[in-house]
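Me: I have just opened this one and would like to go through it with you. Could you take my questions as they come?

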Amino acid sequence: MKYSALTVLKQALTGHKGWQPAWRDATPAPNYDVVIIGGGGHGLATAYYLAKNHNVGRIAVVEKGWLGNGNIGRNTTIVRSNYLLPGNLPFYELSMKLWEGLEQDINYNAMVSQRGVFNIFHSDVQRDAYARRGNAMRLHGVDSELLDLPTLKRKIPYLDYENARFPIQGALLQKRGGTVRHDAVAWGYARAASRLGVDIIQNCEVTGIRQENGKAIGIETTRGYIGTKKLGLAVAGASSLVAAMAGLRLPIESHVLQAFVTEGLKPLIDNVITFGAGHFYISQSDKGGLVFGGDLDGYNSYAARGNLPTIEDVCEGGMALMPMIGRTRLLRHWGGIMDMTMDGSPIIDKTPVENLYLNAGWCYGGFKATPASGYCFAHLLARDEPHDVAAAYRLDRFAEGKLIDEKGVGAQPNLH
Ligand SMILES: Cc1cc2nc3c(=O)[nH]c(=O)nc-3n(C[C@H](O)[C@H](O)[C@H](O)COP(=O)(O)OP(=O)(O)OC[C@H]3O[C@@H](n4cnc5c(N)ncnc54)[C@H](O)[C@@H]3O)c2cc1C
């Protein structure tokens, strides 16, 4: 069923009786050509681009819960491509370009909103670092603007510019950055993949990876054994658990990250703002809630819930940036499990087990990467070679010392 204004009108006139399920709820077949474990954003995007761009035969996505239960439905929806390092910048810019055409491509309203991302700076040193990043972006053809104080004050008048501890000096702006409705991305990719014949199998937990002579040949699941010629892992926070089923130990730690939403307010914040003196970022959803987040909870965990000290810390960051948000009431908060690598950058690569491919290590930033991650992982799975823009995301870079350490903080996953 194609979605269009005409379809909405037709359904309205016929009592909305003709809407079809957005995707087929498939039962597992005994064998596939490619199986992707994980029905989050990355797994579904991979299946979609595999079916659309590569002729690989039968494809299935196997998800232990329901689509959108993981980080794809838990993140703060920010998309941007304001990266510095050559290993990252072209990849995230490809993602931004795919976001820009996504809704037409998958025929789904994902509420892509390029409302601008402002990274606030508070010192001369930080300004220089942001200027360097902005210049790197411009050299790669990515938009960026360094805003001085008067310009920033005109654009966002309500920040606490005179904060004694963290006075604001300006911002780096990427106008093409913004937000995308997170769970619509999962539903949209699922629907588009299903239309191309992909089997989406929910409530099917993978409990084992079967190997024969060093090759992955299938998966044990709560709904029986499924054989496959190629197996892709895209399970985000559960990456180390699922990789261990194949005997692999990954350079990844799982950490909790929380997100927060306030009661609905009248329109106030019409962009995305990040606080440069701590870890705090904020935007406003179309329903009016202020959506914000901050730092990791600071301990390893597979639990998708966080603790009170981090709530206090995040709210302190918010109060330092815009004290008036202290008057709003926090409505909801939740946690997601982040797959933190040792250098803060992802992995899209083959593994030492033949026919087993890995997409993992997305840290806090994997939502914005969803389209490019799916696009490049599909390329790798279909052609057995990395896509040009994802060539640096190798698994062996940690052994080789070829880290992509965007923040320059070293092998300390919770600081990336
Ligand atoms: C609070 C929070 C805020 C964030 N904010 C941003 C942001 O603003 N911008 C940004 O770019 N990124 C952000 N992120 C990061 C981003 O959400 C993730 O990096 C990204 O969503 C991870 O990829 P995914 O969507 O495929 O993961 P998920 O949606 O977690 O998908 C993985 C799937 O694998 C399934 N799975 C796990 N184990 C098994 C198994 N054994 N068998 C079958 N299925 C299994 C899970 O059920 C899950 O559905 C945020 C994350 C959190 C938690």
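Me: What does Thr351 touch, not counting residues up to four places away in sequence?
Reply: Thr351 touches Leu248, Leu356, Tyr357, Leu358 and Leu395, where a contact means that the C-beta atoms of two residues, placed from the backbone, lie within 7 Å. This is a predicted model, in which local features need pLDDT of at least 70 and side-chain atom pairs count only at pLDDT 80 or more, while totals for chains, interfaces and linings use all residues. Residues are numbered from 1 along each chain as its sequence is written.

Me: Where is Thr351 found?
Reply: Thr351 is in the loop between strand E17 (347-350) and strand E18 (356-360); helices (H or I, at least four residues) and strands (E, at least two) are DSSP runs, numbered from the N terminus.

Me: And why does Thr351 count as partly exposed?
Reply: Because Thr351 has 19 C-beta neighbours inside 10 Å; a residue is buried with 20 or more other C-beta atoms within 10 Å of its own, exposed with 12 or fewer, and partly exposed in between, with C-beta atoms placed from the backbone.

Me: Changing topic, how is the chain divided into domains?
Reply: Domain 1 takes in 20-78 + 182-251 + 343-415, and domain 2 takes in 114-176 + 253-341, with bounds that come from an automatic or database domain assignment. Their C-alpha centres lie 29 Å apart, and the contact takes 23 residues from domain 1 and 22 residues from domain 2.

Me: Which residues come nearest to the ligand?
Reply: Of the 39 residues around the ligand, Gly38, Gly40, Gly70, Gly336 and Gly366 come nearest, a residue being near if its C-beta atom, placed from the backbone, lies within 6 Å of the molecule. The shell draws at least three residues from each of domain 1 and domain 2, and helix H2 (41-53), strand E12 (252-264) and helix H9 (366-383) each supply at least two of its residues.

Me: Is H9 mostly covered or mostly open?
Reply: H9 is mostly covered, since 16 of its 18 residues are buried.

Me: Which residues have the most contacts inside the largest nonpolar core?
Reply: They are Val35, Ile37, Ala47, Val62, Tyr189 and Ala193, in a core of 116 residues; such a core is a set of buried Ala, Val, Leu, Ile, Met, Phe, Trp, Tyr and Cys residues joined through C-beta atoms within 7 Å. H9 gives the most to this core, with nine residues.
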